[in-house]
Amino acid sequence: MRNVTLSDIFQLPFARKYLKRAGLAHAITVAKHAYHFANKHEVNPDLATKAALLHDIGHYTWYRNGQWDYNLYKQNDIHAIKGAERAHKMLIRLGENPVSAKEIAVAILFHTDSYFMGTVNRNALQEVVAMADEADEEPGGKHHYKVMSEEEARVELNALDDLIDSSLNNQNEWQQSV
């Protein structure tokens, strides 16, 4: 059983604020990719989808006059550092297992190598989140401009929560049968 669902995260005004600023449709698409990559690479889909959903919540400072400024972002990118800290705090407050919250935050920290310049060897979870983000990227940061309503987001996250629960239940049943 999961302590915190994607839908729980989205219920927080704080989370919605930063998810919308970084691109709500992008965040949910990356979470969906992460679910599929996690299953393919035998990574916990709960951790992968949470990290993927929250991977860009540090982007808020790269807006100028209410618009995403891709050049400012590319010049001064530290969004993963800010996002990791925000996600960790949010997850702990929601009641996430502290070890899981840390794993999710570190996956967010390492989802991009834009400031590490390839100096980090990612673990499987971190690699899944990075691959999921890359799968939705578009030139010039256009993936951050895709539009999705909050209601559409709720429906998508509920469906993804159901998939994760089913996947985790199947894993538990298999482990108990061995």
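Reply: Both Asp 46 and Lys 50 are buried, that is, under 20% relative accessible area, where exposed means over 50% and partly exposed in between (1.4 Å probe, protein chains only). This is a predicted model, in which local features need pLDDT of at least 70 and side-chain atom pairs count only at pLDDT 80 or more, whereas totals for chains, interfaces and linings use all residues. Residues are numbered from 1 along each chain as its sequence is written, and side-chain values use heavy atoms, with hydrogens and water left out.

Asp 46 and Lys 50 form a salt bridge with their closest N and O atoms 3.1 Å apart; the term denotes a side-chain nitrogen of Lys or Arg within 4 Å of a carboxyl oxygen of Asp or Glu. The two residues are four apart in helix 4 (residues 45-54), about one turn of the helix; helices are DSSP runs (H or I, at least four residues), numbered from the N terminus.

A further salt bridge joins Asp 136 to Lys 146, with the closest N and O atoms 2.5 Å apart. Because Asp 136 lies in helix 8 (residues 124-136) and Lys 146 in the loop between helix 8 and helix 9, this pair ties together parts that are ten residues apart in sequence. Asp 136 is buried at 7% relative accessibility, while Lys 146 is partly exposed at 30%. Elsewhere, salt bridges with shared partners join Arg 2, Asp 46, Lys 50, Glu 96, Asp 161 and Asp 165 into one network. The structure holds 13 salt bridges in total.
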